[in-house]
Amino acid sequence: MIELPRRPRLRTRKGGHVDRDRSLTFRFDGRAYQGHPGDTLASALLAAGVRIVGRSFKYHRPRGIYTAGPEEPNALAGIGTGARATPNSKVTTVELHDGLVARSQNRWPSLALDLMCVNSALSRFLPAGFYYKTFMWPAAFWEKVYEPAIRRAAGLGRASALPDPDHYEACHAHCDVLVVGSGVAGLAAARAAGEAGARVILAEQDFLAGGGLLCEPGQEAWRQEALAALAALPNVTTTLRTTVFGYYEQNMLGALERVADHLPVPPAHQPRQRYWTIRAGEVVLATGADERLIAFPGNDRPGVMLAGAARTYARRFGVLAGSRAVLFANNDEAYGTLAALAEAGAERVTVVDPRPLGPAAAAARRQGFEVLAGHEVTGGHGGRGIYSVEARAIGSAGAFQIDADLLCVSGGYGPAIQLASQSRTAMRWDDRIAAFVPGDAPGQRSAGGARGCFGIAAAARDGLAAGQAAASAAGFAAKAAFALPEGDDPDATVAPFWEVRARGKSFVDLQHDVTTADIRLAHREGYRHIEHAKRYTTHAMATDQGKTGGLVGAAVLAEARGETVAVVGMPTYRPYVSPVTWGAVAGHHRGRAFAPIRRTMLHDWHARRGAEFMEAGLWLRPAFYARPGEAPWDAILREGRAVRQAVGICDVSTLGKIDVQGSDAATFLDRLYTNTFSTLPVGKARYGLMLREDGMVMDDGTTSRLAPDHFFVTTTTANAGRVMEHMEFHAQTVWPELDVQFASVTDQWASMSVAGPEARRTLAKVIAGLDISDAGLPFMGVADATLAGCPVRVFRISFSGELAFEVATPAGYALAVWEAILAAGAEFGIEPYGVEALGLLRIEKGHVAGAELNGQTTMRDVGLGKMAKKGDFVGKVLAGRPGLTDPARPRLVGVRAVDRERQIRPGAHLVEPGSDRSLGWITSVTRSVEPGGWIGLAMLSGDADRHGQRLVAAFPLMNEAVEVEISSPHFVDPENARVRS
Amino acid sequence: MCAAEPRSPLSVVAVPAHPMIAELPSAIVDIAARRGRAGDLAAAIRAEFGLDLPPPGRFAASGDTTAVWIRPETWLVMAPRGAEGALARRLVETAAGAASVVDQSHGKTRVRLAGAAAPRVLAKGCRLDLHPAQFGPGQAAVTPMAQVGAVLLQRDATPAYELVVGSSYAVPFLEWLTDSAAEFAGTH
């Protein structure tokens with residue numbers, strides 16, 4: 001009988017913060033495992049004996065779990081399935097739930113056998129800057145060959161291509177004091193500020209509050225008491241699973257709350273995540289400290305783990321990460337891992353400490369641990385895990401092996417300065433802990449480990465002081481203090497030890513596979529500045545932001561430069577401290593809610609009539625109303641024909657409308673418009689043109705005078721907001737002395753255009769209180785009336801070139817008025833027409849619109865040069881620049897396809913037959929009712945001289961060349977007789 | 001007078017109902033003091049409506065008439081909907097040339113949001129701090145919410161708020177508001 005080796009027990013029988021009475025089942029790469037409530041995916045995988053969880057980004061080296069928190073560089077996995085599959089999740093922060101499905105990434109075909117690890121063998125051909133150097137030539141290869149190949153080979157997890165089934169919220173929060181981090185310093189700060197009466201938000205990224213206290217059984221009572229005290233304060237909000245990711249101007253911070261990521265499906269009406277914008281009076285950064293790695297060959301192997309992480313797995317999760325461990329550390333704090341591992345059942349822990357024998361090492365020896373002082377680790381053996389660690393006495397060449405399955409590393413602790421750095425707070429190098437420490441800034445304090453104040457008792461005192469100071473700065477006097485944890489503070493002094501110089505790959509960035517050799521290469525090639533070296537090597541640019549190895553890379557660069565790390569510095573951190581989903585950034589505003597959709601008061605009528613809607617800015621407008629089986633162009637031509645031959649009605653409520661009043665209203669409009677409004681009689685409308693300050697046409701529309709001091713201005717749909725801003729700007733800053741007030745009344749008035757030879761007979765049937773004969777309401781006349789019992793204002797204006805009336809009514813009556821006109825027009829064959837027919841009619845008439853008034857055309861370009869008055873107006877001076885008055889500038893003409901059925905396209909260039917010199921371009925096209933066939937408007941050099949000429953409309957993108965005839969843009973009724981009929 | 005009752009802008013597309021949210025059909029009129037006439041306007045309004053035109057950030061109410069400060073020397077006057085144009089005509093007569101008066105009864109939509117959870121609903125789009133220490137009954141603001149420009153005022157300590165938005169934005173605004181309030185439908 002063969003005796004199987006006894007598998008060591010990896011989960012302790014008691015202790016920590018996991019509920020061993022309940023089990024959760026989860027799957028990793030298809031295999032089922034068990035964990036407990038309180039586990040992260042990482043702790044559950046370690047407890048199940050899983051060592052390799054992913055492959056590295058560039059070399060596809062096998063990687064294991066390296067940390068126990070959001071600083072994790074290695075252990076990224078895809079979580080969830082189908083539409084909820086989320087790539088690149090740090091398994092060290094994924095809260096275990098029943099049924100969780102996780103999948104390793106960046107391996108093909110499988111985790112154990114990864115064919116891309118050939119990159120590792122080729123690594124000397126893949127140095128830093130490799131892509132920049134290699135794929136430069138030939139340039140044409142980049143898009144077609146190099147980039148697709150690189151993209152296939154590189155990258156991390158793949159996002160689901162399915163629509164996201166969850167919803168997200170973007171919320172705003174305000175507080176007097178924001179405390180980031182709920183370790184002992186954060187708890188003390190939040191309680192101090194809360195008891196002083198300040199409104200406090202305590203944000204913790206973990207699903208348990210306590211930070212390092214979760215690894216201190218002796219302080220559990222204090223932690224519980226602190227949390228109870230905070231819960232009893234109504235002015236304190238503690239929010240777990242909330243990562244503060246960004247620190248912006250004026251104490252505005254961004255945070256991501258993972259509301260339901262720890263549940264299979266979000267509860268009803270709950271978002272998956274909330275994106276918080278927090279505006280804080282005072283900020284206390286109690287973000288703790290991150291443990292640093294040491295660069296030595298093979299420091300990335302599965303089985304290598306930060307010492308603090310091994311302690312966390314043992315103490316918080318009751319998981320033994322390895323039973324025969326080596327601790328490679330240069331600081332006393334890391335010695336705490338020895339007891340944690342021993343208590344969790346480790347057979348043996350050997351210490352390798354590069355320092356001479358010190359008090360901590362001596363104490364460890366007394367407790368029975370083997371300590372190799374003055375030694376260093378030069379590598380680890382094993383492919384899918386470690387089976388031995390190679391070490392040597394510093395200065396000697398003779399390495400020896402230590403049998404081990406876990407290598408714990410600690411290069412010391414550095415304050416987690418990402419948020420402070422983002423806020424541009426100055427950093428100071430602290431020789432004692434060999435790290436950068438943030439100073440205080442207005443409205444901001446760092447406390448505890450986040451400013452190098454290590455040890456539970458010291459951090460608690462520091463947090464208390466920071467909380468009291470923050471509350472006081474926010475105007476709240478401190479109350480009597482509460483009891484703090486007691487204890488001896490460890491000696492945090494660290495002798496910097498960045499790197500073991502030995503043969504092999506020593507990583508400073510595990511996620512991006514950046515080695516010490518890459519940093520030195522960057523330096524040799526001239527990237528001496530830390531910001532340049534960072535970008536050249538991509539060091540600290542991965543999703544972990546270099547939290548474990550950033551300073552080590554800076555130290556390697558400093559050594560290469562022959563300077564100190566203090567001089568070399570660290571790159572400035574930028575948001576985000578941890579990745580944030582796009583869904584959370586978008587919040588409510590995605591899909592149909594991406595931007596508000598504006599609808600007219602006739603929207604439901606249009607929908608019932610079968611309108612095809614189109615977007616016009618934020619508006620939805622009917623493009624055309626197709627009858628069953630009718631092709632779009634047939635519908636558009638039918639609608640256009642109705643206007644030319646009988647009568648049509650169009651919803652033009654989206655046009656911008658501005659009410660302008662004041663004793664100086666006429667003066668104000670005279671200065672804004674190129675033409676004059678002070679001479680306009682009451683009861684009349686006038687077409688107006690407005691320039692930008694630079695002399696280009698800004699907008700056009702009709703303005704009516706309702707009273708001597710009261711005007712009603714219309715703008716195009718697209719420019720309504722811009723014209724209002726233009727008016728506000730000039731009224732407030734340029735002519736503040738003028739008595740003029742204005743209000744947008746776009747939404748107050750619904751308006752509809754009734755156009756066609758039968759327009760008058762149609763309206764006459766239903767209008768009351770107004771004579772709409774040509775004598776009663778001449779062209780450009782404006783008057784009030786009633787229609788279907790509703791108040792209306794009738795404007796005799798036309799965009800189509802036909803006899804037309806624009807009927808405006810307070811928007812709530814739009815449907816009643818619209819339906820009454822339709823009923824009245826039935827006997828004449830009235831048709832509702834949409835935006836497409838509106839465009840057809842105005843192109844036939846030669847009216848310019850957005851395609852011509854595109855911000856690049858002058859009054860003269862669009863054939864409206866005569867509208868410039870003698871006096872001054874906005875834009876007049878710059879409109880006189882030589883380039884804008886050059887007679888050779890292309891100007892408005894009409895074009896018509898010689899072969900009526902040949903389509904012409906906007907954007908086509910006009911050239912002489914056989915020439916490739918562009919003389920101009922087509923701006924708008926339509927199939928037409930009256931001239932027949934395809935017509936359009938164009939901007940053409942030589943304009944009127946070319947009327948009657950034949951040119952070619954060339955559209956090289958579609959290999960089209962269509963013969964066109966140039967004409968006046970007025971295809972219909974150039975004498976303007978119909979509108980006056 | 002008009003044969004038809006004015007339609008609500010919220011009728012063109014179905015928006016789900018919510019117990020915390022109700023439309024307040026209103027007459028709404030924009031009054032802007034003519035240059036140098038703010039004092040005359042204030043006196044005339046005080047005499048006619050018995051209310052003092054409020055300073056920035058406030059609203060004032062008398063009976064069922066409310067005046068909200070919305071811009072320098074400009075207020076929105078609101079009352080329950082009556083005869084078409086009646087409030088605007090009364091204000092024109094009252095101001096007697098001291099103000100430009102613009103009827104916005106159809107152009108603006110007024111809704112009420114009330115309930116203990118109302119601040120949490122608004123926090124999903126409103127940047128302002130609505131904590132009782134910062135914003136209370138009598139206060140008003142003009143502020144963007146969910147990409148829509150809105151007038152916000154707090155009527156009482158329930159808290160009950162009123163929101164006024166452009167009518168063509170009423171549907172998307174209410175869609176956001178009811179969506180944001182959905183989780184509180186049973187608890188208001």
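User: How many helices and strands are there in chain B?
Analyst: This is a predicted model, in which local features need pLDDT of at least 70, side-chain atom pairs count only at pLDDT 80 or more, and totals for chains, interfaces and linings use all residues. Residues are numbered from 1 along each chain as its sequence is written, while chains are lettered from A and ligands numbered from 1 in the order in which they are written. Helices (H or I, at least four residues) and strands (E, at least two) are DSSP runs, numbered from the N terminus. From that end, the elements of chain B run β-β-α-β-β-β-α-β-β-α-β-β-β-α, and chain B holds four helices and 10 strands.

User: Why does the radius of gyration of chain B agree with a compact globule?
Analyst: The radius is taken over C-alpha atoms, and the globule rule is 2.2 Å times the number of residues to the power 0.38. The C-alpha trace of chain B spans about 50 × 45 × 30 Å along its principal axes. With 188 residues, a compact globule would come near 16 Å, which agrees with the radius of gyration of chain B, 17 Å.

User: What percentage of the 188 residues of chain B count as buried?
Analyst: A residue is buried if 20 or more other C-beta atoms lie within 10 Å of its own, exposed if 12 or fewer, and partly exposed in between, with C-beta atoms placed from the backbone. By that count, the buried part of the 188 residues of chain B is 51%.

User: Which element of chain B gives the largest share of the side that touches chain A?
Analyst: Two residues are in contact if their C-beta atoms, placed from the backbone, lie within 7 Å. On that basis 39 residues of chain B are in contact with 39 residues of chain A. Strand 2 (26–33), strand 6 (99–103) and helix 4 (170–181) of chain B each supply at least two residues of this side. The largest share, five residues, comes from helix 4 of chain B.

User: How many nonpolar, polar and charged residues has the side of chain B that touches chain A?
Analyst: Ala, Val, Leu, Ile, Met, Phe, Trp, Tyr, Cys and Pro count as nonpolar, Asp, Glu, Lys and Arg as charged, and the others, Gly among them, as polar. By class, this side of chain B has 18 nonpolar, nine polar and 12 charged residues.

User: Which strand of chain B gives the most to the side of domain 1 that touches domain 2?
Analyst: Domain bounds come from an automatic or database domain assignment, which gives domain 1 (11–24 + 107–184) and domain 2 (26–103) in chain B. Their centres, taken over C-alpha atoms, are separated by 22 Å, and 11 residues of domain 1 of chain B are in contact with 10 residues of domain 2 of chain B. Strand 7 (108–114), strand 8 (140–145) and strand 9 (148–156) of chain B each supply at least two residues of the domain 1 side. The most, three residues, comes from strand 8 of chain B.

User: Which residue follows helix 13 of chain A, with a positive phi?
Analyst: The buried residues of helix 13 (residues 530–537) of chain A are Ile530(A), Ala533(A), Lys534(A), Tyr536(A) and Thr537(A). These pack against strand 28 (514–515), helix 12 (516–524), helix 14 (550–561) and helix 15 (565–568) of chain A. After helix 13 of chain A, with a positive phi near 65°, comes Thr538(A).
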